[in-house]
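Here is a short report on a two-chain model. Please read it alongside the sequence and the coordinates.

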Amino acid sequence: MPINYYITLALCLFSIGVVGVLTRRNAIIVFMCIELMLNAVNLLLVAFSKMHHIAKGATAVTGTDGQLFVFFIMVVAAAEVSVGLAIIVMMYRNVHSININFLNRLKH
Amino acid sequence: MNAVILSGLLGVVMLFASFLFQTKEPVRITAIAGTLLLLIANVLESKGIHFFSINTSGFLNFGYYSLFFNSIAIFATLIFFLISSKDMQKVGGHYAEYFALIFFILTGIFLVTSFTNLLMLFIGIEIISIPLYILTGAAKKDLKSNEAALKYFLMGSFSTGIMLMGITLIYGATGTFDIDKMNLVALEKSHLITAGLFMLLFSMCFKVSIAPFHFWTPDVYDGAPNVFTSFMATIVKVGIFIGFIHLFNTAFDKVTIQWKVWMAVMAALTLFIGNITAVFQQSVKRMLAYSSISQAGFMLFALVAMNATSYEGLIIYSLAYCLATIGVFGVISKMTDYSFEGFNGLAKHQPLVALCVTICMLSLAGIPLSAGFLAKFYMLKALIETGGYLWLVIFGVIMAAVSAYYYFRLIQAMYFKEGPNNFTQIAAGEKYVLVAICILIVFVGVFPNIIFNWLYF
């Protein structure tokens, strides 16, 4: 399959994520949209990795660093999830809401 | 490599310190001793003594410049610990863990300042960001802190997503993450490179709060506990700046895509928004948040100019800005009321403290004989040396004049107005540190050559 399909799919997913972050008001859904952005990047990285693998002579190591990057993104995303959910829970305990329209106390 | 491993280890040590020590004082002393050790290890490494021989080629390159900056970052952290670590107790019960998170952030800063691989840039920025989200929300019962943490977290991970997309597009075009190996000039007609470069540029601007990506900064800096605002507005910010200049100087300097014009426009916009909005603030903390935006605009001059002077200037700027801001925040976190009215008459109640705040403010405003003046001078000099961008130089000078208004407003409140004593108390040791900061600011302002001698020899 040509690489264009992968790029289009990944960019579509990424755009859905960006639009979701900018328009939705529920903190959990905003958070899911961010994860969608990260996973679109993962998909694109794997596709590019395969592309470079074929283009550079298909030896065992060519293009593998893209796949390596994916694992790091996964680990970091997991760390972010744990911290992010903790922050959302902390927020919920104090305000009993996770609507980010509540985030305007600081703007006097 | 010394500092990276040691600060990671110190983070773990501090995690265990909360079990080992029942009282807070030993925890604090351990942290300060650890920072001193870190400073010594890093200085030794820049003199060629390595504790660990680990091959990091292709990922990290500990050049003398980045090591020198790391020394400044550790030194600033040491000063930060000495002046504000007692105030961390007010934030919450997890005293040792705050130190641990700060050591982890330092590890991230060391990675960001010395990366040669986009993977390490990403990891470093995340190691900085994730503990910062926690520190921002450290005051769990305080709604402002909650809100700042959530806002920072959503904005920060959003910009991380954009940065990753940029890295991926560049990888798609070049096939490597190594910024020394990617030959962007040969490929620059590719749309992937253009899109990736701008995504990277915008996300890095997001991290260092360059307008129009600055909107999270005032809220987050205002909501976070005072002590942690002090850390994240200074050391973290200049650390990411060093990574920023390294990234754009190494990988993108030769491409003909016009990112420098974009950067110049953003620098002008940042200076304008930061300074003009700071004028209207009622809270000193929020004023300092906007002032940190405008100082970031000045630091962006280094990236527009991108020559040897701008590298020197960034070192001086980071030292001057860190020292002055940490000093002011050290005082703010001892005030019960940190609006401008709260500072009324401080000179009567605490003459020495008021004098130190004045010197820090003069340095931030860029008055001659202070380190801040030289910092701004080097930024403008770097820009003039490029031959172009004269409009930006003139605009920068005008904006520096505007900034004097709100810095002097604080001095005026302290010296020429009457008010109740809002200052809780300051330990003798912290007072000495405050004085030492001021002496250092003046010293660097009068003898900048000493810093440059260290930088080159």
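In chain A, residues 29-48 are 100% helix and 0% strand, and the end C-alpha atoms of that span lie 29 Å apart. Helices here are DSSP runs (H or I, at least four residues) and strands are DSSP runs too (E, at least two), numbered from the N terminus. This is a predicted model: local features need pLDDT of at least 70, side-chain atom pairs count only at pLDDT 80 or more, and totals for chains, interfaces and linings use all residues. Residues are numbered from 1 along each chain as its sequence is written, while chains are lettered from A and ligands numbered from 1 in the order in which they are written.

**Chain A**

The span 29-48 carries a record. An unreviewed UniProt entry annotates residues 6-22, 29-48 and 68-92 of chain A as "transmembrane region". UniProt positions are given in the numbering used here, feature names are shortened, and annotations may be inferred rather than shown by experiment. Residues 68-92 of chain A are also 100% helix and 0% strand, with end C-alpha atoms 36 Å apart.

Overall, chain A has three helices and zero strands. Its pattern along the sequence is α-α-α. Chain A is more spread out than a compact globule, because its radius of gyration is 18 Å, well over the 13 Å that the globule rule gives for 108 residues. The radius is taken over C-alpha atoms, and the rule is 2.2 Å times the number of residues to the power 0.38.

**The two chains in numbers**

Two terms are needed for the table. A residue is buried if 20 or more other C-beta atoms lie within 10 Å of its own, exposed if 12 or fewer, and partly exposed in between, with C-beta atoms placed from the backbone. Two residues are in contact if their C-beta atoms, placed from the backbone, lie within 7 Å. Boxes hold the C-alpha atoms and are taken along the principal axes.

| Item | Chain A | Chain B |
|---|---|---|
| Box | roughly 60 × 25 × 20 Å | roughly 65 × 55 × 45 Å |
| Buried residues | 31% of 108 residues | 61% of 457 residues |

**Where the chains meet**

How many residues of chain A are in contact with chain B? There are 34, and they touch 31 residues of chain B. Helices α1 (3-23), α2 (27-55) and α3 (64-95) of chain A each supply at least two residues of this side. Helix α3(A) gives the most, with 15 residues. By class, the side of chain A that touches chain B has 23 nonpolar, six polar and five charged residues. Ala, Val, Leu, Ile, Met, Phe, Trp, Tyr, Cys and Pro count as nonpolar, Asp, Glu, Lys and Arg as charged, and the others, Gly among them, as polar.

**Chain B**

Chain B has 19 helices and zero strands.

Helix α13 (residues 308-332) and helix α15 (residues 351-365) of chain B pack at about 145 degrees, with axes 9 Å apart. Axes are lines fitted to C-alpha atoms, for helices over the stretch in contact, and angles run from 0 to 180 degrees between N-to-C directions. From α13(B), A320(B), A324(B), G327(B), V328(B) and V331(B) meet V353(B), C356(B), V357(B), C360(B), S363(B) and L364(B) of α15(B). The residues of this contact divide into nine nonpolar, two polar and no charged.

M306(B) lies in the loop between α12 (284-305) and α13 of chain B. M306(B) is not a glycine, yet its phi is positive, about 55 degrees. M306(B) is partly exposed, with 19 other C-beta atoms within 10 Å.

Y389(B) has a positive phi too, about 60 degrees, and is not a glycine. The residue sits in the loop between α16 (371-385) and α17 (390-416) of chain B. Buried or exposed? Y389(B) counts as buried, with 21 C-beta neighbours inside 10 Å.

The peptide bond from A211(B) to P212(B) is cis, with omega near 0 degrees. P212(B) lies in the loop between α8 (191-207) and α9 (216-223) of chain B.

Finally, M299(B) is in helix α12 of chain B. M299(B) is buried, with 27 other C-beta atoms within 10 Å. Beyond its neighbours within four places in sequence, M299(B) is in contact with F241(B), L314(B) and Y317(B). M299(B) and A267(B) are 32 residues apart in sequence and 8.5 Å apart in space, C-alpha to C-alpha.
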